[in-house]
Structures are given as structure tokens and as C-alpha cells.
Amino acid sequence: MAKKQQKTDLNGILYLVVGILFCIFRSEVLKLLLILVGVLFIAKGVLDLLARIHFGGAASLVIGILLIVGSMTIIKVMLIVFGVLMLLRGLRALLALSHCQPTTMQLLGALLTVLVGVMLIVSHWLMLDWFFIVLGVFFIVNGITLLTSNNRR
């Protein structure tokens with residue numbers, strides 16, 4: 001039973017650390033992750049080239065370099081595309097609701113989707129920062145919950 005409690009404590013501490021890092025670094029976390037993935041692609045490309053897998057190695061090298069050099073551009077394009085998709089989804093929901101008697105929650109959900117879509121298009125970095133802050137708070141609450149759970153004996 002003690003090992004299970006140690007694992008729970010370790011998970012709680014990890015949740016707290018990740019939550020605090022998300023709140024502090026916000027959107028920079030995503031950039032760091034893309035750079036890390038880029039480094040892994042470059043390492044795989046080098047290993048493939050050494051193993052004489054020329055096409056796969058070259059492709060991995062190119063992808064790795066693009067991830068490192070263009071990480072902010074990749075994030076920006078992804079956020080704008082996601083914002084456009086959310087905007088279209090919200091507008092489609094509003095259009096569908098115009099043909100029936102919508103509940104307040106349905107209308108609020110569609111309007112909120114449109115608002116988030118517009119905000120992702122117009123102010124994508126701010127929205128990404130808020131996303132990581134909310135995610136960080138979620139991790140912190142989960143970590144505290146794990147560390148203070150009533151399952152302690």
C-alpha cells in the first residue's frame with residue numbers, strides 16, 4: 001500500500017510542477033515542445049543517414065530543422081486555422097439554431113464558439129496564453145487533490 005501512496009504523491013507533485021510551469025511559461029511551453037520534437041527528428045535523421053536510409057534520414061532532418069526554425073510560424077498558422085474552424089462551427093450552429101427555438105445554453109454555446117474563433121484569429125497569442133493558464137490551474141488543482149486526498153491512512 002505504501003508504494004501506491006508514493007506513486008500518488010509523485011503524481012501529485014508532477015501535476016503541481018507541470019501546472020506551475022504552464023502558468024509561468026504559458027505559450028512558450030508549446031514552442032519548447034516543438035523545438036524538442038525538432039531535435040528528436042534531427043537525431044533520428046542523423047541515425048537514419050548513418051544507417052544508409054537516405055530518403056527517411058533527409059526527410060527527418062528537414063522536418064526537424066523546420067520545427068526548430070519555424071516553430072512560432074507553425075503555431076501561429078495552426079491557431080489561425082483552428083480559429084477559422086471554430087468560427088465556422090459557431091456560425092453553422094447559429095444558423096441551425098435560427099430554424100428552431102433554441103435554449104439559452106445552445107445559443108450561449110454557439111456564441112461562445114464564435115467568440116473564441118474570432119479571438120483565436122485576431123489575438124491568437126493571448127488566447128494561447130489563457131489556455132495554458134487554465135490548463136496550469138487544472139493541473140495544480142489535480143496535484144493538490146492527489147496530495148491531500150482522503151485515501152491516506
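A residue is called buried here when its relative accessible area is under 20%, exposed when that area is over 50%, and partly exposed in between (1.4 Å probe, protein chains only). What follows describes a predicted model, in which local features need pLDDT of at least 70 and side-chain atom pairs count only at pLDDT 80 or more, while totals for chains, interfaces and linings use all residues. Residues are numbered from 1 along each chain as its sequence is written, and side-chain values use heavy atoms, with hydrogens and water left out.

Helix α6 is a handy place to start. Helices are DSSP runs (H or I, at least four residues), numbered from the N terminus. The expected span of a helix is 1.5 Å times one less than its number of residues. How far apart are the end C-alpha atoms of α6? They sit 34 Å apart, which agrees with the 34 Å that its 24 residues (124–147) should span at 1.5 Å a residue. Along α6, the buried residues are His-124, Leu-128, Asp-129, Phe-132, Gly-136 and Gly-143. These buried residues pack against α1 (2–25), α2 (28–50), α4 (71–97) and α5 (104–122), where a contact means heavy atoms within 4.5 Å.

Next come the aromatic rings. A pair of rings is described by the distance of the centres and the angle of the planes. Rings of Phe, Tyr and Trp (its six-membered ring) pair if their centres lie within 6.5 Å; planes under 30 degrees apart count as stacked, over 60 as edge-to-face and the rest as tilted. By this rule there are 5 aromatic pairs. In one of them, the rings of Tyr-15 and Phe-139 have centres 5.4 Å apart and planes at 40°, so the pair is tilted. Tyr-15 belongs to helix α1 and Phe-139 to helix α6, so the pair ties together parts that are 124 residues apart in sequence. Tyr-15 itself is partly exposed, at 31% relative accessible area.

Phe-22 and Phe-132 make an edge-to-face pair, 5.1 Å centre to centre with 80° between the planes. Here too α1 meets α6: Phe-22 lies in the former and Phe-132 in the latter, so this pair ties together parts that are 110 residues apart in sequence. Phe-22 is buried at 14% relative accessible area, and Phe-132 is buried at 6%. Ring pairs link Tyr-15, Phe-22, Phe-131, Phe-132, Phe-138 and Phe-139 into a cluster.

The loop between α1 and α2 has its own story. Leaving out neighbours within four places in sequence, Ser-27 is in contact with Trp-125, Leu-128, Asp-129 and Phe-132.

Arg-26 lies in that loop as well. Although Arg-26 is not a glycine, its phi is positive, at about 45°, and at 32% relative accessibility it counts as partly exposed. Arg-52, in the loop between α2 and α3 (54–69), is another residue other than glycine with a positive phi, near 65°. Arg-52 is exposed, with a relative accessible area of 68%.

Finally, a word on cysteines. How many disulfides does the structure hold? The count is 0, a disulfide being a pair of cysteine sulfur atoms within 2.5 Å. Cys-23 is partly exposed at 22% relative accessible area, and Cys-100 is partly exposed at 43%.

Technical notes. Helix = DSSP H or I, 4+ residues; strand = E, 2+ residues; numbered from the N terminus.
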